[in-house]
Amino acid sequence: MKCYMCVSVGEDCCTASLYSELLTVALKSARQNTSLDIVVLYDGPKSHYILNILTSYNVKIIRHTFSHFEDLKKTFSPDILFSKTGKNSIDFKKLSGTFMRLDVPFIENDDDYVLYTDIDVIFNKDINDTELTKPKIIAAGPEVSKEFYKGDIFNAGILYMNVKAMRSKCEEIFSLLEKGIPNKTNLFDQGYINEVCEDEIDFLPLEYNWKPYWGLNEDAKIVHFHGIKPGGTADTSGFAVNTSLYESMFRGHRADFAGYLVYLKNYFTYLDKNADDWIFNHGKEVFKYISDSYKNNIFRKTRKKFFKYLLLNFLTFSMNRKFRLRKNELQSELKKFCSEQ
């Protein structure tokens, strides 16, 4: 089965370094656990460590610049950018990398259906197109919650495309970009896809776009690090990612916090990297933010139990000696929170 990815080298060296690790994990896990035929659309220098990573994993590389790159600058003015991301400027080279998925239906000329994935994924199991229902246009999974309701946003991080049918939808998006009309729904290319496809999007099984904060799932085929990227920060993880995402990520998922940490641990294992410090501090940040955000809400009777459960899961997972030595720090956070109630 053919799987497309898109990589555009931006101007931010810190972001490029973070995304090079994401790319490494995605390709390494794909090679170890799947038989996918990987094709990467690459927009970057002829000599770059990102390109070296692609070459080392023997993927098909297509040098490509997003077909409507200049229209992005015209469409997303500083005012529009601020309304969508809270920032007045953006790395358009990096932004074009997310929009490149819209060029896939015009580049692919052999297969009727192809898979697209972002690079912030781990491939856990092989993927066979015979297991998937052929979409009328496109199949996608939900954005944050496992429960999808009519009118909710679909996540564009993993897409199963009907190549020919998707071409006409992409042409609609290109027409909007040419006219300088920004999307009204959600963010950038994902917003456009949701708008032009609307009720025509088929449901992609959760196992093909499994979020780590949903907890452990042995049947998950693709784990998608939606939100803060492993090793990253809110500033380096996306155009409008911020810590307020934690509340929606873990709402109703208190038993899944430990699974979230396990997936982070698995990620760094692929890099042969000890990131216990980052995992610990990130876990503490999540814990603290949710604590603060729940102080004044309607769940006054249950929140103590909620945070004790989070702490228990965190400490249960934390078998590393360094983690155990720091448990008092987390316990003091909980004690401080409870004393303020």
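This is a predicted model: local features need pLDDT of at least 70, side-chain atom pairs count only at pLDDT 80 or more; totals for chains, interfaces and linings use all residues.
If you want to find them on the screen, they are Phe188, Asp189, Gln190, Gly191, Tyr192, Ile193, Asn194, Val196 and Cys197.

Let me pick one of those, Gly191. You'll find Gly191 in H8, which spans residues 188–197. The relative accessible area of Gly191 is 0%, and buried means under 20%, so Gly191 counts as buried. Which residues does Gly191 touch, once we skip the neighbours within four places in sequence? Asn183, Thr185 and Asn186. And here's a spacing to look at: Gly191 and Ala156 sit 35 residues apart along the chain, with 8.8 Å between their C-alpha atoms.

Now, H8 has a partner. In general, you describe two packed helices by the angle between their axes and the distance between the axes. For H7, residues 163–178, and H8, the axes come within 10 Å and cross at roughly 115°. That crossing is right-handed. On the H7 side, the contact is made by Met166, Lys169, Glu172, Ile173, Leu176 and Leu177, while H8 brings Tyr192, Ile193, Val196 and Cys197. What kinds of residues are these? They split into 8 nonpolar, no polar and 2 charged.

Is Asp43 buried or exposed? Asp43 has a relative accessibility of 7%, and the buried cut-off is under 20%, so Asp43 is buried. The side chain of Asp43 makes a polar contact of 3.0 Å with the side chain of Lys93. Leaving out residues up to four places away in sequence, the contacts of Asp43 also include Val7, Ser8, Val9, His64 and Thr65, as well as Ser96 and Met100.

The other one is Lys229. Look for Lys229 in the loop between strand S9 (222–224) and helix H9 (245–250). Lys229 is buried too, at 6% relative accessible area. And what does the side chain of Lys229 make a polar contact with? The side chain of Asp120, at 2.5 Å.

Notes: Residues are numbered from 1 along each chain as its sequence is written. Side-chain values use heavy atoms; hydrogens and water are left out. Helices (H or I, at least four residues) and strands (E, at least two) are DSSP runs, numbered from the N terminus. Buried means under 20% relative accessible area, exposed over 50%, partly exposed in between (1.4 Å probe, protein chains only). Contact means heavy atoms within 4.5 Å. A polar contact is a pair of N or O atoms within 3.5 Å; within protein, one must be able to donate a hydrogen and the other to accept it, and residues adjacent in sequence count only if both atoms are side-chain atoms. Axes are lines fitted to C-alpha atoms, for helices over the stretch in contact, and angles run from 0 to 180 degrees between N-to-C directions. A crossing is left-handed if the near helix is turned anticlockwise from the far one by less than a right angle, and right-handed if clockwise. Ala, Val, Leu, Ile, Met, Phe, Trp, Tyr, Cys and Pro count as nonpolar, Asp, Glu, Lys and Arg as charged, and the others, Gly among them, as polar.
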